[in-house]
Structure formats: C-alpha cells, structure tokens
Amino acid sequence: MNTTLNNNTLKKEKLNSGLALPKVTEAIVRPILFAAAVTAVIIIILIGFFILQKGWPVLSTYGLWNMISGTVWQPTKELYGILPMITGTFYITFIALVIGIPFGLATAIYLAEIAGSKTAALIRPAIELLAAIPSVIYGLFGMVVINALMRHLQRGLLSGILPPDYQLGYSVLSGGIVLSIMILPTIINIVEDALKAVPHTYKEAAFALGSTHIQTIFKVLIPAAKSGIVSAVMLAMGRAIGETMALIMVIGNVTALPEHGLLSLFAPSSSLTATIALEMGYAGPEHQAALFAVGIVLFGIIALLNAFVIVFTRRGGQQQL
C-alpha cells in the first residue's frame, strides 16, 4: 500500500515538473519574441527618422510639392525636380507587372491545381533559384542580352520612327522585362499559397454542381483567393519599385519625361533608386540632402503600398468570414 502511494506521488511530481518546464520556457521565450518584434518596429522608425533628418533641409526649403512636380533635376543649379524619376519608376514597374502578373498567376495555378508532384518538384526549385539570383546578374543579363535585342529592334524594324536617342538599347521596356523576371518568385509563391489556403469544400461544392476543373479554378478558387492575389501583386510592385542595381544597368539613367507616347517604351529613363545609388558617391552636402529627400519620397511610396496591402488583406479576410 505504501509502495503504491509512493509511486503515485512520484508520478505526480514528475507530471508537475513536466508541466512546470513548458511554463518556465514560455515565460522566457515570450519576452524574447516580444523584444524581437519591438526591435523590428524600432529599426523601421529609426530608418525613417534618419532619412527624414538628412533630407529635411532641402525638403523644407525647396518644398515637397516642388520636388514631386518639378521636371528638371540639376543639383548644380539647385533644381531638384523628381517627376521624371517618379514617372520612370512607375512606368517601368507598370510594364513589369503587365508582363509578370499573367506568367506568375498562370504558373501558380499550374503548380497549385494541375501539376503532378514530380513536375512540381522540378519547377519549384527553379522558381526558388530565380529568387536567389543576385540583382547584378539580372542586370548583366539585361545589359548583354535584352539590350542587344532591343538595340537590334530599334535600329532595324523601328529605325524609321524612333529618334536617334531612342536607338541605344537602353530603354524603359528593357527595365520592365528584367523586373518582370525578378518579381515572378514573389507572385508565384504567394498566389500558390493563397490558392492552397482556399477550403477544399469550395472545390468539392463546385464539382458537385457540375463545374469542370478549369471552371472551378477561374470561377471559384481565384475569386476566393483574391486577397492573397492582390497582396502578391502589391508586394511584387514594391519589389519592383525598390530595385536598383539591375535597373542601373539597363535603363540608361536619363532623367527625362516621356515625350513620344508609346514610343517612349524604347526611350532611356531613370528611377528614384537608380538616381540615389548613382549620385550619392560624389554628391556635395546639399546634393546629398536632396538625394535623401528623394529617399523620403520613395520611403513614403513603399509605406503606402504596404498599408494598402494590410487594409485590403484584412477586408478580404473579413468578407470571407
């Protein structure tokens, strides 16, 4: 009898000690995770404060609106108009999205709903490799291959309608093609996860009503995953807007507004990030402050995109609930 009581006591002590250990671990891990999250927020705030502090002298004297609406960027003459850079950034990004979204969406649908396990096992590593390739490699590919093809097209088939300064190979279209390749992993991975997150009952209900597999994909799964798809597009857009090295090597870095309609696709251009990277090395104090002001504008654009993604994702989740 005493032996049984002792055994029960030992078991209870072991059980209590086993339960106490996770509690102690949780008490230690929880503050660590909270500190990591707070640190990330603090870093973002410090980066924003640093850029604002450095760019404020020019921003306060020249004016934010004057910078955004100005069309002439000549720091030696204290002219800091960045409208050509903003236009070039969004022009290139728009082309990248127009090319990248259909390919990315189609690939994600194929991997999530059509491809067999063996085929998907071959394709997914290639997509991950696209995400791992350094930007400078994309830039070299664009400069040597895409720009060469573009130059051949500009000086051949389009030579009669393009101005001479549009026949150098460096162009908005080249930048858009390179960026469209770079944003593919972002679109494919997020859209695939969004499609797989759709409850399986949606597909079963569609099949029960007589829908084909393709009809189910386009009429049921894609609408149900729209918040994830929009998030993928917006994150890809942010990735494209923030790209620097690859664009420097393929777009020509000319700060000028498009002047020939659709023919401006073949014109050299510039972007916000490329201007900062190219000119920061030799900029004087005021010129450097102007580049930080450009960074403030870029920081604001990315922040607005992220805010839109957060709001849209939350609304999409609430509607699904």
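Some ground rules. This is a predicted model, where local features need pLDDT of at least 70, side-chain atom pairs count only at pLDDT 80 or more, and totals for chains, interfaces and linings use all residues. Residues are numbered from 1 along each chain as its sequence is written, and side-chain values use heavy atoms, with hydrogens and water left out.

Domains to begin with. The protein chain splits into domain 1 (2-62) and domain 2 (65-320); such bounds come from an automatic or database domain assignment. Their centres, taken over C-alpha atoms, are 36 Å apart. Contact here means heavy atoms within 4.5 Å. Domain 1 puts 12 residues into it, and domain 2 puts in 14.

How much area is buried between domain 1 and domain 2? About 1,100 Å², with 83% of it on carbon and sulfur atoms. Buried area is the accessible area (1.4 Å probe) that two parts lose on being put together, summed over both. On the domain 1 side, look at Ile-51, Val-58 and Tyr-62. These residues supply 58% of the area that domain 1 buries against domain 2, more than any other three residues.

Now helix α3. Helices are DSSP runs (H or I, at least four residues), numbered from the N terminus. Two packed helices are described by the angle between their axes and the distance between the axes. Axes are lines fitted to C-alpha atoms, for helices over the stretch in contact, and angles run from 0 to 180 degrees between N-to-C directions.

Partner α10. The axes of α3 (residues 83-114) and α10 (residues 226-241) come within 10 Å and cross at roughly 140 degrees. So α3 and α10 are oblique to each other. The contact includes Phe-90 and Leu-97 of α3, and Val-233 and Met-237 of α10. By class, that is 10 nonpolar, two polar and no charged residues. Nonpolar covers Ala, Val, Leu, Ile, Met, Phe, Trp, Tyr, Cys and Pro; charged covers Asp, Glu, Lys and Arg; the others, Gly among them, are polar.

Partner α4 (residues 117-132). Its axis lies 10 Å from that of α3, at an angle of about 145 degrees. Thr-107, Tyr-110 and Leu-111 in α3 meet Thr-119, Ala-120, Ile-123, Arg-124 and Ile-127 in α4. The classes are five nonpolar, two polar and one charged.

Last, α7 (residues 184-196). The axes of α3 and α7 are 8 Å apart, at about 40 degrees. That makes α3 oblique to α7. Among the contact residues are Gly-104 and Ala-108 of α3, with Ile-188 and Glu-192 of α7. This contact has 12 nonpolar, three polar and two charged residues.

Methods
Helix = DSSP H or I, 4+ residues; strand = E, 2+ residues; numbered from the N terminus. Parallel < 35°, antiparallel > 145°, perpendicular 65-115°, else oblique.
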